[in-house]
Amino acid sequence: MELARIDLPEDLTGLQILDIGCSDGFFCFECEKRGAARVVGIEDFTSTPRNYGLSGFNIASGILGSSAKLITDSVYRLSPEEVGTFDMVLFLNTLYHLKHPLLALERIGSVLEPNGVMLLKTYFHQDLRLKRWGLDLTKRPMMRFFPHDELNRDSSNWWAPNRRCLEDMLRATGFSELVRLGTWGDRIYYRCARAA
Ligand SMILES: C[S@@+](CC[C@H](N)C(=O)[O-])C[C@H]1O[C@@H](n2cnc3c(N)ncnc32)[C@H](O)[C@@H]1O
């Protein structure tokens, strides 16, 4: 199940958690249920054409009596001065929706505690391996660009990095400790942290 695939700890007691692209807040509410002391979701509801997340978040929040906070803004404007810092960031299924993925990773790094953890799930480009002809694209960091709606007929999809590119982008933005949790279909999962 998805919560196991992202490796969300059962016990989040006392932690401060930020959910990027939180949509209707499913993961925010789950973190609260697992004991997180402070949960913040950030969502740019203008970025996806069919996003019903705002009403979903508010309705679910009311029913659950949640104190998770929703910030309606872009990940690009995250700063510790505005939102504080967090022990854990959830960055799930959002990276490939971003025009500026490196900027987003830098902004996320700026609000993560030095020993904090980012749980990442994203769509990724799966490489062609034609080793017989010496063509092994897995060694080259590459991102596929979707200028229109080529990926799933969704014009809010911009980039699909291959695995090598994704890991290089993470390292280039300070996430030098990467644990690949696995793949599921066309998604890849990581636990990311900075060097100790
Ligand atoms: C595919 S949904 C993922 C929702 C949820 N995280 C999940 O895994 O189910 C991607 C979300 O990212 C949001 N998003 C896109 N660009 C964003 C940005 N610049 N800042 C914050 N959120 C953004 C979209 O509005 C959308 O709700």
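Let's start in the middle. The largest nonpolar core has 48 residues, and Ile 17, Val 89, Phe 91, Ile 108 and Met 118 touch the most other members. A nonpolar core here is a set of buried Ala, Val, Leu, Ile, Met, Phe, Trp, Tyr and Cys residues joined through C-beta atoms within 7 Å. Buried means that 20 or more other C-beta atoms lie within 10 Å of a residue's own; exposed means 12 or fewer, partly exposed is in between, and C-beta atoms are placed from the backbone. Strand 4 gives this core its largest share, six residues. Helices (H or I, at least four residues) and strands (E, at least two) are DSSP runs, numbered from the N terminus.

A word on the source. This is a predicted model: local features need pLDDT of at least 70, side-chain atom pairs count only at pLDDT 80 or more, and totals for chains, interfaces and linings use all residues. Residues are numbered from 1 along each chain as its sequence is written.

Back to Val 89. What does Val 89 contact, leaving aside neighbours within four places in sequence? Leu 18, Ile 20, Ile 108, Leu 112, Gly 116 and Met 118. Contact means C-beta atoms, placed from the backbone, within 7 Å.

Now helix 5, residues 101-110. Its buried residues are Pro 101, Ala 104, Leu 105 and Ile 108. They sit on the same side of helix 5, because they cover an arc of only 100 degrees around the axis. That arc is taken from the directions from the helix axis to the C-beta atoms. The cover over these buried residues includes strand 1 (16-20), strand 4 (86-92), strand 5 (112-123), strand 9 (159-161) and helix 6 (163-172).

Next, the ligand. There are 19 residues around the ligand, and Gly 21, Asp 44, Ser 47, Leu 92 and Asn 93 come nearest. Near means a C-beta atom, placed from the backbone, within 6 Å. The shell has seven nonpolar, ten polar and two charged residues. Ala, Val, Leu, Ile, Met, Phe, Trp, Tyr, Cys and Pro count as nonpolar; Asp, Glu, Lys and Arg as charged; the others, Gly among them, as polar.

Asp 11 lies in the loop between helix 1 (2-5) and strand 1. Is Asp 11 buried or exposed? Exposed, because 9 other C-beta atoms lie within 10 Å. Beyond its neighbours within four places in sequence, Asp 11 contacts Arg 34 and Gly 35. Gly 35 follows helix 2, with a positive phi near 105 degrees.

Note on methods
Two residues are in contact if their C-beta atoms, placed from the backbone, lie within 7 Å.
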